[in-house]
Amino acid sequence: MASATGPGPKICLLAHLMIFAWYLFTLWTNCSLVSSDRHPGVRSYGGRWKYLTFINLVMQTIFFGLAAAVDVIHMVLPVKQTRSGAPRILAEARDFYFTALSFPICTFVFASFWTLYIYNREMVYPKFLDDIIPVWLNHALHTVIMPLLLVQMFLQNNKYPSRLKGIVFLALFVVLYLLWVLWVHHVSDIWVYPIMAHLGPGGLCLFLGGASLTVVPLYLLGEKLNHMIWSTAEVLRPVQTEKCLE
């Protein structure tokens, strides 16, 4: 559980800068990969932007960059000035971004990838990709993302919006991404993920529908974890102290 007072602002800033740097490095490495004739991937319609893994990578990079910026603002400005105006708006944007998008989407990428990989890796990550994407980068994209997400959970009390507002925003993102995937297939006659090429119309509807509905429990999971961690911290703290960036 989180400590009674939570980590200090300097620790939060250091952690956010380190994670931000890691994501920048991962993003740069991913974008520097040379495509293969066996897997045109980035050279086909939509490029890297048709893959949820890449979109999530960009999302996490933006989030931790934003979190670091908010840390700096809260360290240089008096406490009263951080409770209104632009500093407050940025802090609220950070919390909303994390709760409504970063946590559920990142958790979905982690869980769905490794579930399909264990069942039949050819459905999501064909073996020949090992010759194109280094093993460490695969884990950076699909494994390390989860521990880093949990680090953020323990670093700060990310205030959740109303459940309806958060889930509606998340649902909007999911719908837009599904439309994007279908559009890519319509224009280029390729499916973003190998598993989709093996499904008939009915199976495709079930697959996409099931995957879409999965994000709602993941949103609720993040809400529950945040409540468990920080409600315990509140109970243990005898005197109200200034937590990191609250």
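**Entry 1. A tryptophan in α3**

I looked up Trp114 and found this residue in helix α3; helices (H or I, at least four residues) and strands (E, at least two) are DSSP runs, numbered from the N terminus. I was working with a predicted model, in which local features need pLDDT of at least 70, side-chain atom pairs count only at pLDDT 80 or more, and totals for chains, interfaces and linings use all residues. I noted also that residues are numbered from 1 along each chain as its sequence is written, and that side-chain values use heavy atoms, with hydrogens and water left out.

Is Trp114 buried or exposed? I recorded a relative accessibility of 17%, so Trp114 counts as buried. I then checked Thr143, which is 29 residues from Trp114 in sequence and 8.5 Å away in space, C-alpha to C-alpha.

**Entry 2. The whole chain**

I counted eight helices and zero strands in the protein. Read along the sequence, the pattern is α-α-α-α-α-α-α-α. The protein has 246 residues, and 44% of them count as buried.

**Entry 3. α1 against α2**

I compared the directions of helix α1 (residues 9–32) and helix α2 (residues 52–76), which pack at an angle of about 150° with their axes 8 Å apart. That angle makes α1 roughly antiparallel to α2. Axes are lines fitted to C-alpha atoms, for helices over the stretch in contact, and angles run from 0 to 180 degrees between N-to-C directions. Angles under 35 degrees count as roughly parallel, over 145 as roughly antiparallel, 65 to 115 as roughly perpendicular and the rest as oblique.

I noted that α1 passes α2 in a left-handed crossing. By class, the α1 contact with α2 has 18 nonpolar, six polar and two charged residues. A crossing is left-handed if the near helix is turned anticlockwise from the far one by less than a right angle, and right-handed if clockwise. For the classes, Ala, Val, Leu, Ile, Met, Phe, Trp, Tyr, Cys and Pro count as nonpolar, Asp, Glu, Lys and Arg as charged, and the others, Gly among them, as polar.

**Entry 4. α2 against α3**

I turned next to helix α3 (residues 85–120), whose axis comes within 9 Å of that of α2 and crosses it at roughly 150°. That makes α2 roughly antiparallel to α3. The crossing of α2 past α3 is left-handed. I recorded 19 nonpolar, five polar and one charged residues in the contact of α2 with α3.

I picked out Val70, which is found in helix α2. Val70 has a relative accessible area of 1% and is therefore buried. The C-alpha atoms of Val70 and Glu92 are separated by 9.9 Å, although the two residues are 22 residues apart along the chain.

**Entry 5. Aromatic rings**

Rings of Phe, Tyr and Trp (its six-membered ring) pair if their centres lie within 6.5 Å; planes under 30 degrees apart count as stacked, over 60 as edge-to-face and the rest as tilted. Tyr23 lies in helix α1 and Phe64 in helix α2, so the pair ties together parts that are 41 residues apart in sequence. Both Tyr23 and Phe64 are buried.

I also examined Trp49 and Phe54, whose ring centres are 5.0 Å apart and whose planes lie at 85°, so this pair is edge-to-face. Trp49 counts as partly exposed at 48% relative accessibility, whereas Phe54 is buried with a relative accessible area of 8%.

I found Leu137 in helix α4 (residues 135–142). Its relative accessibility is 0%, so Leu137 counts as buried. Leu137 and Thr26 are 111 residues apart in sequence and 7.2 Å apart in space, C-alpha to C-alpha.

Helix α6 (residues 163–188) has 26 residues and reaches 37 Å from its first C-alpha to its last, close to the 38 Å expected. The expected span is 1.5 Å times one less than the number of residues. I listed the buried residues of α6 as Gly166, Leu170, Phe173, Val174, Tyr177, Val181 and Val184. An α-helix has 3.6 residues a turn, so residues three or four places apart point the same way.

Finally, I looked up Asp189, which has a positive phi of about 60° although it is not a glycine. Asp189 lies in the loop between α6 and α7 (194–197). With a relative accessible area of 60%, Asp189 is exposed.

Conventions:
Buried means under 20% relative accessible area, exposed over 50%, partly exposed in between (1.4 Å probe, protein chains only).
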